[in-house]
Each structure stands twice: as structure tokens, then as C-alpha cells.
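Start with the structure, then read the points below.

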Amino acid sequence: MKHIVALTGISAISASGEDTRLHNSSVNHNLSYDEGLDAWVGKLPKGIQSKIERIREESRNYQALDPSVLYAMYVSRNAVAQAGWTSGSKFGINIGSSRGA
């Protein structure tokens, strides 16, 4: 039987798996207006963006990767750490998208 042993994700609302709106009742939303796009957007927190860029810098092979691939790598690494898996562990990572991608 298979069990879920780790659950993590990133979004403009939460990068830690916790809904930040619950901890900051003075904020009605996490959107910001992007002048360049002339639109309201939800952006990843700057701290998470920095961590994603550090992954990109780990290898020349990562330089051309789409950001969504780097997001999946970041979240997968967090799941591995959360579950306590090691290099000898047998495990699988299931990645989903709210966009259905």
C-alpha cells in the first residue's frame, strides 16, 4: 500500500504549505499591480524566487529550463527533505498543476 508521506507546494499565496492569509488578517489579497504587464498579478515571494534562481545556477544544464521545471525541482526537493528520504530510498514524486498542465 502506498501512503502520502510529504506534501508541499509553492504559490503566490504560500510557499511553505501554509496559507499566509491566515497569519496576516490585515491583508485582503496577495496580488500586486504590474505596470509592465498592465495587470494585477500574483507573484512568488522574493525569498522563494531567490531559491529558484539558486537552483538554476547549480548547473549549466539548468540555465535554459522553463521556470515551471525549476519550481517542480524546488518543490520535489522540499518533499524529499520533508519525508526524510535518502539517496537509497525508493520513492516517487507526483507533480500536479492547478492549470491542468
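The second largest pocket is lined by Ser-11, Ala-12, Gly-42, Lys-43, Leu-44, Gln-49, Ile-52, Glu-53, Arg-56, Pro-67 and Tyr-71. Two elements, α1 and α2, each give two or more residues to that lining. This is a predicted model: local features need pLDDT of at least 70, side-chain atom pairs count only at pLDDT 80 or more, and totals for chains, interfaces and linings use all residues. Residues are numbered from 1 along each chain as its sequence is written, and side-chain values use heavy atoms, with hydrogens and water left out.

**The pocket**
- The volume of the second largest pocket is about 170 Å³.
- α1 gives the most to its lining, with four residues.
- By class, the lining has five nonpolar, three polar and three charged residues.

**Helix α1**
- Helix α1 covers residues 46–57; at 1.5 Å a residue its 12 residues should span 16 Å, and the end C-alpha atoms are 17 Å apart, which agrees.
- Ile-48, Ile-52, Ile-55 and Arg-56 of α1 are buried (under 20% relative accessible area, 1.4 Å probe, protein chains only).
- Seen down the axis of α1, these buried residues fall within an arc of 105 degrees, so they line one face of the helix.
- The face turned away from that buried side carries Lys-46 and Glu-57, which are exposed (over 50%).
- α2 (67–83) is included in what covers the buried residues of α1.

**Terms**
- A pocket is an open set of points on a 1 Å grid where a 1.4 Å probe fits, with protein on both sides within 12 Å along at least five of seven lines; lining residues have an atom within 4 Å of a point.

Note on methods: Expected span 1.5 Å × (residues − 1). Arc of directions from axis to C-beta. Contact = heavy atoms within 4.5 Å. Points joined across faces, edges and corners; volume = space filled by probe spheres on them. Nonpolar A, V, L, I, M, F, W, Y, C, P; charged D, E, K, R; others polar.
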